[in-house]
Amino acid sequence: MNQGKSEAPFIIWTFRRTGGTNLATHLFRSSTFMATEHEAFNLDRRYGHILRDFKATNCVVSLRNQLKEVLIDKPLMKHCLELMPIDFNIELARVSSELGYNHLFLYRENPESRLLSLFLAQTTGIWGPLQAKKIDIDSKIFDTDIAINKLLDHERSCRNSIRRIHEELKGLNVGVEAVSFENLYESDEDKTTLLRKVFDSLISTDTLIPAELLAGLQPAGQGTKKYYDEFPNYQEFIRQAKLLGTLELE
């Protein structure tokens with residue numbers, strides 16, 4: 001909690017298809033620090049060259065130096081950790097913490113909807129509302145099966161990564177909070193208390209929670225959820241995905 005302390009920069013650690021853009025946008029607007037491009041370390045984004053260099057050299061010393069050059073100005077970040085090697089994420093966690101960053105984890109407790117959303121986006125090219133308006137879904141895609149093993153292996157890898165980074169940061173003297181998509185977007189409970197905790201940890205105890213954020217905590221989606229059960233092996237995917245159990249970060 002930031003009561004009695006100066007505000008610090010922060011990183012939002014998350015997965016794709018987890019509602020991070022909405023939350024990050026409002027948190028960034030409320031902070032006195034400036035935000036960089038969302039998922040800025042992705043290969044096609046502003047700092048993608050750092051990831052590219054690390055993949056080519058596997059040099060941790062060079063990676064740390066490049067991360068310090070970026071983070072020394074304390075930019076706010078939303079970071080999709082599932083797209084990065086675990087060693088990259090570990091160094092990002094360590095370097096940012098050394099520079100005074102706090103951390104928020106936004107994750108999905110249950111994998112089914114996220115993985116189906118990810119699979120459909122990869123299959124159709126529809127990643128956001130604008131693309132959903134422009135791209136017509138070809139019904140022929142539903143003649144093929146959901147890639148169950150590939151998606152579940154991906155989820156296992158994601159869970160291993162987020163647990164590893166969460167554990168790493170909990171061992172450092174930095175602020176760490178975690179909130180699930182389900183509690184933030186799908187719960188019938190009043191979201192004010194949950195958001196108050198997040199804002200207290202990352203911004204300050206005096207910052208008002210934006211009314212538009214509270215009003216928008218409903219997953220609008222891309223209008224594609226209705227298509228999930230058209231895949232031939234949808235029920236088998238659901239059965240196997242549920243066997244993974246619930247992801248929890250404490």
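Glu69 is placed in helix 3 (residues 60–71); helices (H or I, at least four residues) and strands (E, at least two) are DSSP runs, numbered from the N terminus. The model is predicted, and local features need pLDDT of at least 70, side-chain atom pairs count only at pLDDT 80 or more, while totals for chains, interfaces and linings use all residues. Residues are numbered from 1 along each chain as its sequence is written, and side-chain values use heavy atoms, with hydrogens and water left out.

Glu69 has a relative accessible area of 60% and is therefore exposed, where buried means under 20% relative accessible area, exposed over 50%, and partly exposed in between (1.4 Å probe, protein chains only). Between the C-alpha atoms of Glu69 and Glu177 the distance in space is 26 Å, and in sequence these two residues are 108 residues apart.

Met77 belongs to strand 2. Its C-alpha atom is separated by 8.7 Å from that of Pro9, a residue 68 residues away along the chain. With residues up to four places away in sequence not counted, Met77 touches Phe10, Ile11, Ile12, Phe28, Thr36, Phe41, Tyr47, Val70 and Leu71; contact means heavy atoms within 4.5 Å.

Strand 2 (residues 77–80) also holds Lys78. The side chains of Lys78 and Glu39 form a salt bridge, with N to O at 2.7 Å. A salt bridge is defined as a side-chain nitrogen of Lys or Arg within 4 Å of a carboxyl oxygen of Asp or Glu. Side chains of opposite charge can pair when their charged atoms come close. Glu39 lies in the loop between helix 1 (20–30) and helix 2 (48–57), 39 residues from Lys78, and the pair links distant parts of the chain. Both Glu39 and Lys78 are buried.

In the whole structure, 17 salt bridges are found. A further one joins the side chains of Glu155 and Arg114, at 3.1 Å from N to O. This pair likewise links distant parts of the chain, as Glu155 is in helix 7 and Arg114 is in helix 5 (residues 112–124), 41 residues apart. Glu155 and Arg114 are both buried.

Within helix 4, Arg94 and Glu91 are 3 residues apart, about one turn of the helix. These two residues form a salt bridge in which the closest N and O atoms are 3.4 Å apart. Arg94 is partly exposed, at a relative accessible area of 31%, whereas Glu91 is buried, at 7%. A network of salt bridges links Arg64, Glu91, Arg94, Glu98, Arg164 and Glu168.

Two packed helices are described by the angle between their axes and the distance between the axes. Axes are lines fitted to C-alpha atoms, for helices over the stretch in contact, and angles run from 0 to 180 degrees between N-to-C directions. For helix 4 (residues 86–98) and helix 7 (residues 148–170), the axes come within 10 Å and cross at roughly 25°. Helix 4 is therefore roughly parallel to helix 7; angles under 35 degrees count as roughly parallel, over 145 as roughly antiparallel, 65 to 115 as roughly perpendicular and the rest as oblique. The contact involves Ile86, Asn89, Ile90, Ala93, Arg94 and Ser97 from helix 4, and Ser161, Arg164, Ile165, Glu168 and Leu169 from helix 7. By class, 5 residues of this contact are nonpolar, 3 polar and 3 charged. In this classification Ala, Val, Leu, Ile, Met, Phe, Trp, Tyr, Cys and Pro count as nonpolar, Asp, Glu, Lys and Arg as charged, and the others, Gly among them, as polar.

Helix 7 also contains His166, which is buried with a relative accessible area of 7%. Not counting residues up to four places away in sequence, His166 touches Phe105, Val176, Ala178, Leu249 and Glu250.

Helix 1 packs with helix 9 (residues 192–202) at an angle of about 45°, their axes being 11 Å apart. The two helices, helix 1 and helix 9, are therefore oblique to each other. In helix 1, Leu23, Leu27 and Ser30 meet Leu195, Val198, Phe199 and Leu202 of helix 9. The contact of helix 1 with helix 9 has 6 nonpolar residues, 1 polar residue and no charged residues.
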